[in-house]
Structure formats: C-alpha cells, structure tokens
Amino acid sequence: MLIINNNMPKIQKLKNGLRYVGVPIKGTKTATILVMVGTGSKYENKNNNGISHFLEHMFFKGTKKRPNTLAISGELDSMGAEFNAFTAKEYTGYWIKVDSDKLESAIDIVSDILLNSRFNMKEIEKEKGVIIEEINMYRDNPMMFIEDLFEECLYGDQPAGWDTIGTKKNILRFKRKDFIDYLKSQYGVDNTIVCVAGNLKKRVKKQVEKNFKKLDGAKFKDKKAVQEKQDTPKIKIHYKKTDQAHLSLGVRAFPVNHKDEYILKILSIILGGSMSSRLFTELRERRGMAYYVRTQAEFYTDTGYLSTQAGVPVKKLEEAIKTILNEYKKVTTKLVSEKELQRVKDLFKGRMAIFQEASDNVASWHGRHIILRGKAITPDEFIKKVLAVKAKDIQRVAKEIFVNEGLNLAVIGPYRKLDLRLKV
C-alpha cells in the first residue's frame, strides 16, 4: 500500500549550510534524488543569456571519476535509472530516479557531476552543435515555441522575456571561463536544496551531507526586477509557413504566494485545463477548430500570467481569438455554477493524488516550491487552499485580470501582419 507522508517536510540545514529535505513514501520501490538550484535565465544578462541551460548540459560531460558522457550515462543505465535535468527561468534541477537499493549510487553520481565536472573545452565545442539543434527543434515545433513567444510578447527585451535556451550567437561564443564564472556565482549552498523522496533508508541524510560537503557559498547575483507596465494590448507575430496557426492569448496575473494564486489556478482549469473545460469544449468539440487547446497559469517569484494556447486553421485565427476572449468575458459577468466548480475541484484533487504516486513527482514538488516560495508547502495544504475557492472569488479575479489593456497575443503562422483589435 502506497502511503505518502503529507506532513510538512522538515527543511534541515547540513553542516555546510546546504538545505536537505527527505520525504518518505511507504509502499514504493523507488527513490528520487533531486538537486534544485535557485538560478535560471532570469539571472542572466544580454551577453550570457543561455549560460544556465548550457551549463546544465555540461554537467553530464565528464568528471575525474567518470571521465565522459558514456561513463555517466552507462552507469546510470546499468542501474535502470531514469534521469534528466531541466532549466527554467528561476531554477535549474538535476534528478535521478532508481530502485531504492540503488539510491546510494544515485547520490554519488549527482554529487559528482555537480561538484567535479571538468568542463573540457573540446566537449563545450561539441555541445554547441547539440544546443543549436535544440534551438532549431523548438523553432520547428510551434506547439513548444509558442510559449516562449508569448513570454517575449509579455515581457519584451528583458531577462523575463528572453528564451531560456539563449541565442545562437551567445551559444557559439561561450568559453570555458564563462561556465566557471557562472558556476561560482550562481551555484552555492544558500540557493540550493537537495530533496530525496521515496523508499528512504535511515542513512540518506548522512550520505547527502558527506557527498555534498565540498559545496560552499557563491558570489550570488540576483535577478533584476521585471518591468511589467502595460497600457495597451500587444501582439507578437512569428512568420512561418505553417498549415495551422498557433496562438497564445493571455493576461498578466500573480506571482507565487499571492493571495489569489489558488483562485487563478482554478480559473485556468475551468477555462482550458481539461477535456471538459469551456475552451476545449467550445473550440474543439463544438466548432471543430482545434486539436489541442489548453489554458495554464504560470507563477514566478515576482510575476505571473494566465494564457490559452491552441492550434487552429489559418483562415479561422480571428474567430478562434474572439471565441477565447468571449469565454474570458463570460467569467467576469456570470458566476461559475456550483456544479461546475465542484467538478473542477474534484478533477484537481484527483490529479494531485495520481501525481503523488511517483517519487520523482514528489521530489520535484517540494524542491520547486521551496525554491520559489522560500518555504515548504505540502500537496494536501495546496489542495485545501484550492478547495476553499468560491465562485465569487473567481469572478473577482477574472474582472481584475481580463482587461483590454492587459491583453497579449502571440501568433505563429503565415502572417506578416495582423489587423486585429483585442477586446474582452
């Protein structure tokens, strides 16, 4: 039987100041170690945009103990491990999920790559080609690229609006010193947390403390404040010969820890968070205009937004935009019914139960929330706050965010310009 410890996890400081969280899950055979560092592309400047993501790649290129990529990946594969890393705007993570009997080895590997990577210039030059192709892949996939384009529309020419992956120009000119300087600046005990979740042994904390004892402080450079002033709707177009128009239409909203964060989460699910949501039903089921439709709420430490993405026929772009805006307006003028609200709450609660069955999800939950909030929050506590949301709360928030001057539209498709008037 799977039993998740939903008590508030204790954030423990190890001897060197590194924060550690252990979350036992009884009944599972796996364990996940996640190292989350509170830095990302928002902490970059024009000249080093992309360095956070590039550095993430370089941690898998060899250490003294494991001299190359094959030595690292081969050892992990021989353990049957799942492993990966990710870079976001405000955090970067490295994780390994294994049979709990292999956790000691997983901890050794992740600590080795983060503390002992060699950053060989030959490997850096090879990886430039890999990342250039990653950029090309994103640009060739409008479903993926539309989210970056929307944030560029929303925030413009500042770190919050730049692509996390960086520019090709920057990627090609990075040298070994750039990685060493960024590592010394941004990777330290003060902004790093090690979270281990799953079937845990008694000596896990001691092993983490031993393996990460070399991690010390960093000359941390904080991110610049995001400029969010907007007094008129904005449209960002990326011309591409496509058979389908991809759009993201949204508004500025709230950061994490805002009093209305949980209300916005429910609002996003009502609008486009499921196959029974309003926009999925309207755009796909009733009009047959789209295959994918989704609305999401994004929360950063200092900003946030709500947006709807969809892929629609090129000739029906304007109709799709009007449909989305119409649904935005409806939630400002009419209360969500108790039946619909309860269905959405039940959906969220059920999804959270499924989410918590995997040790990697549990580790990710606690690592991400502690980095962004500066404190722990359990899934149960989060669910409790979501279940407390009322219909009048949703209408109040909708009226606040769905205003004409706050509208932002990103479009990928065969358009040089668009003559559109955005109005809720």
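Angles between axes that are under 35 degrees count as roughly parallel, over 145 as roughly antiparallel, 65 to 115 as roughly perpendicular and the rest as oblique. The structure is a predicted model, in which local features need pLDDT of at least 70 and side-chain atom pairs count only at pLDDT 80 or more, while totals for chains, interfaces and linings use all residues. Residues are numbered from 1 along each chain as its sequence is written, and side-chain values use heavy atoms, with hydrogens and water left out.

Helix α9 (residues 261–272) and helix α12 (residues 338–355) pack at an angle of about 105°, and their axes are 10 Å apart; helices are DSSP runs of H or I with at least four residues, strands are runs of E with at least two, and both are numbered from the N terminus. Axes are lines fitted to C-alpha atoms, for helices over the stretch in contact, and angles run from 0 to 180 degrees between N-to-C directions. The two helices α9 and α12 are therefore roughly perpendicular to each other. Contact, meaning heavy atoms within 4.5 Å, involves K265, I266, I269 and I270 of α9 together with E340, L341, V344, K345, L347 and F348 of α12.

F119 is found between α3 (103–116) and α4 (121–139), whereas N257 lies between β9 (244–252) and α9. Buried means under 20% relative accessible area, exposed over 50%, and partly exposed in between (1.4 Å probe, protein chains only). F119 counts as buried at 4% relative accessibility, and N257 as partly exposed at 40%.
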